[in-house]
Amino acid sequence: MTQPAPTPGAPAEGLPLLEVVDVHRDFDDGHVLALRGVSFAVHEGEFVAIIGSSGSGKSTLLALLGALDEADKGVIRFRGEDITKLRDPAGFRARNIGFVFQAFHLLPTLTALENVQVPMFEAGMAKRDRQRKARELLEIVGMGHRLDHLPAKLSGGERQRVAIARSLANDPGILLADEPTGNLDSKNSHQIMELLEGLHRDKGMTLVLVTHDMEVARAADRVITMKDGQIASDERAANLTEEYA
Amino acid sequence: MTLLQLTLKNLTRRPIRTVLTVMGIGVGIGAVVALLGLAWGLGESWTDALKARGTDLVVRKASGFLLAEPFDEEWIKQVREVPGVAQAANLLTEVLSIEEAPTVVVSGREWGTFVWDHLTIVDGRLPRSGDEQAVVLGKLAAEQLQKKVGDKITIEVADFTVAGIAECKALVENATVFMSLKNLQNIVTKEKQANFINIRMKDNSVPPDEISKAIVSKLPNCTVETAEDLSDNNEAVKTFKAMNWGTSLIALLVGTFGVMNTMFMSVFERTREIGVLIALGWKRSRILRMIVYESMALCAAAGVLGVVLGVALLKIMARMPIMEGKLEPHIGPDLLGLAMGLALGVGLLSGLYPAFRCTQINPSLALRQ
Ligand SMILES: Nc1ncnc2c1ncn2[C@@H]1O[C@H](COP(=O)(O)OP(=O)(O)OP(=O)(O)O)[C@@H](O)[C@H]1O
Ligand SMILES: [Mg+2]
C-alpha cells in the first residue's frame, strides 16, 4: 500500500478519512480529460474547500469522492477501503456520504419532514424513528417551524437548510457539497455557510466543499485549487497567499 | 412516510394525466368485466339448464366432435346398475330443419323419466304419452316457428301437434323442440338409439368421480361429464368464451401500452429526481419498487373503476329485451376478483420496463442536467 503524500501544512495524524491517489477521469472517449492525476488526502474533522475555474474538474472530483462515478485510473480510499470498485456503491453512499447540491434537489412532492427521511429508507429505520430523527435534524438546521412545507413554499436558503438536514440523515462520515451557496444571495449564502461551519466546528463534521466564491472558501481550513484537471495548489487557510485576498 | 405513500404522492403531481390514464385502462377493464360476465353467464345458463332438469352427469360416446354419436339405448341398463346413480334417462338430440327454420335443436327424451319433470309449461300441456304424436316447443322455438298451442307442425316426414309451450332457463333450451325419444327415433330412423344419457345422482352418497369411473369401466367407449364440464365443452360456449377472452386480452394489451407510455413519460421527466435518489443511496431494487408500485396503484384505481363500469354495463344489458330472461350475466366475486387481478397484472407488466430503465440511470449524469 502506497503511503499518501503528506497534506501540506497538516499534521500527519494516522489513517486519513479519504485518500485520493493519482485519479484520472476522462469523457467522450478521451477527448475531455476532466481529471489528470489528482492526489490528496482528507483527515477526519477537516474542512476542505475546492476552488478553480469552470471546467477545471471540481464536480467530477466530488462525484468520484462520493462513489457516484468511477475513476478511469487511480485509487480512492474511504477509511482505508478502495471505493472505486465497490459491489454496492449505493449502500456505501447511504452509509457514509452526505451530499449537498447547488440546486438543492429536494423532491417537490414531499414536505421538508418527508424529504429528510428519504435517505433513511436505506438505513432500515422504523417509520416512527425516521420521523423523529428528521424532525430533530430540521430543528438543528433551523427549520423546525417549516416541517410540513413543500419545497415550492420555501425560500432558496430554507431549501438548502432542508437539503443539509437530509445530507445528515444517516450520520455520514463526510459531507460533500458542490457549490451549496451557488443559487443563493449573499445573505442566505452567509447563513448556509454559518450552518456548515457550525457542523464542522461543533460536531467535528468532515466537509469537502466546492465553490467559486473566495469568501466561502475562506471559511475552510484548507483550500485546494484545481486547474485543468489537476491540483494547482493545496494550502492551509493560514498560509493562503495574498492573491486570494 | 412509507415507500407506498411516497409513491402515491408522485401520482398527484400530474393529476390530469393520472386521471386520464386511470380512465383509459379503467374502460378497458370494464370491457373485460362485461365480456367475461356475458361469457360466464352463457356457460352457466347451460349448466343451469342441465341442473334445472335435475341432471348431474351426462354420458356420451367418447368419439364424435360437434354432435354426439348415437349408441344403443340398451346401454342405459348398465348405467342404472352403477352405485350412486339415482335415475338415468336416454336422450337423442338432433339438429333438423323444420318448415321454414333451417336449424332447430330437437330433443327426444325418454318418456316417463325425470328429464320431462322440469319443463315449465306456460301454455297448453305435456304430451299424454310417449306415443302421442305431440311436441312441446321452447318459447323461442315457438316464436321462430310461428306456432301456438294446437297448431300442426311437420318435422321430416311426420306431422305433430303442438301440445304445449315451455319456458326454460337456458337460451338453448328455449330454442328447442321437445318430443318423446321414441317419436324422434322413428322420424330420423335411429330406432333403439340415443346419444346422451342424463344421470341424476343419489345425494352425495358416491362422489361423481367414482360414478364416472364405474360407468367408463362398463362402457369403455363413453365419457362422463358433469353438468359444468358439459357447458365448458360446449362448442358454442367455448367459441363465445374464446372470442370474449380474445377481445379482453386485446383491451388489456392496449391498456398495458397506455400505462407503460404514461409511466415512461412520468419517469422521463423525473430523471434528475431519480438520479438524486440513487445519489442518496437508494438501492436499485427500491427504485424499481417505487416505479412498479406507481403503475400498480394507477391500475388498482383503474380496476375499481373498471369493475364499477363493467357491472353497470352488465346490469343494463341484462335489462335489455333481447337478453332479458335468456342470458343472465355472471356477476360475482370471482369475476370482480379476476378483473382486479388482471388490472394489477397490467400494472406490474407496464411498470417493470420503465422501472428497469430507471435503475440504469447514471446518477452523476442525471445530476448534471
Ligand atoms: N459526463 C460528461 N461528459 C462529457 N464531459 C464531461 C462530463 N462531465 C464533465 N465533463 C467535462 O469535464 C470537465 C470538467 O467538468 P466539471 O463539471 O468537473 O467542472 P467544474 O470544475 O465542476 O466546473 P463548474 O465550475 O462549471 O461547475 C469539463 O470540461 C466538462 O465539460
Ligand atoms: Mg461543477
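Which residue of chain A has a polar side-chain atom that lies 2.8 Å from an oxygen atom of ligand 1? That residue is S59(A). The model described here is a predicted one.

## Ligand 1

Ligand 1 is placed between chains A and B. It is surrounded by 16 residues, and the closest of them come from both chains: S54(A), K58(A), S59(A) and T60(A) on one side, and R368(B) on the other.

For K58(A), a polar side-chain atom is 2.7 Å from an oxygen atom of ligand 1. For S59(A), the corresponding distance, again from a polar side-chain atom, is 2.8 Å. G55(A) takes part through its backbone instead: one of its backbone N or O atoms lies 2.8 Å from a ligand oxygen. On its own, ligand 1 has 630 Å² of accessible area, and the protein covers 73% of it.

## The interface between chains A and B

The two chains also touch each other directly. On the chain A side 26 residues are in contact, and on the chain B side 24. About 2300 Å² of area is buried between the chains, with carbon and sulfur atoms giving 61% of that figure.

Three salt bridges are counted between chain A and chain B. One of them joins the side chains of E122(A) and R286(B), with an N to O distance of 2.6 Å.

## Chain A's side of the interface

Four helices of chain A each supply at least two residues to the side that touches chain B: α1 (58-65), α2 (89-96), α3 (112-117) and α4 (127-140). The most comes from α2(A), which gives four residues. By residue class, this side of chain A consists of 12 nonpolar, seven polar and seven charged residues.

## Salt bridges in the whole structure

Over all chains, the structure holds 31 salt bridges. One lies within chain A, between E19(A) and R77(A), where the closest N and O atoms are 3.3 Å apart. E19(A) belongs to strand β1 (residues 18-27) and R77(A) to strand β4 (residues 73-78) of chain A, so this pair ties together parts that are 58 residues apart in sequence.

Technical notes: Residues numbered from 1 in each chain as written. Chains lettered and ligands numbered in written order. Predicted model: local features only at pLDDT ≥ 70, side-chain atom pairs only at ≥ 80, totals over all residues. Heavy atoms only, no water. Contact = heavy atoms within 4.5 Å. Buried area = accessible area lost by both parts, 1.4 Å probe. Salt bridge = Lys/Arg side-chain N within 4 Å of Asp/Glu carboxyl O. Nonpolar A, V, L, I, M, F, W, Y, C, P; charged D, E, K, R; others polar. Near = heavy atom within 4 Å. Polar contact = N/O pair within 3.5 Å; in protein donor to acceptor, adjacent residues only side chain to side chain. Areas by Shrake-Rupley, 256 points an atom, 1.4 Å probe, with all protein chains shown as cover.
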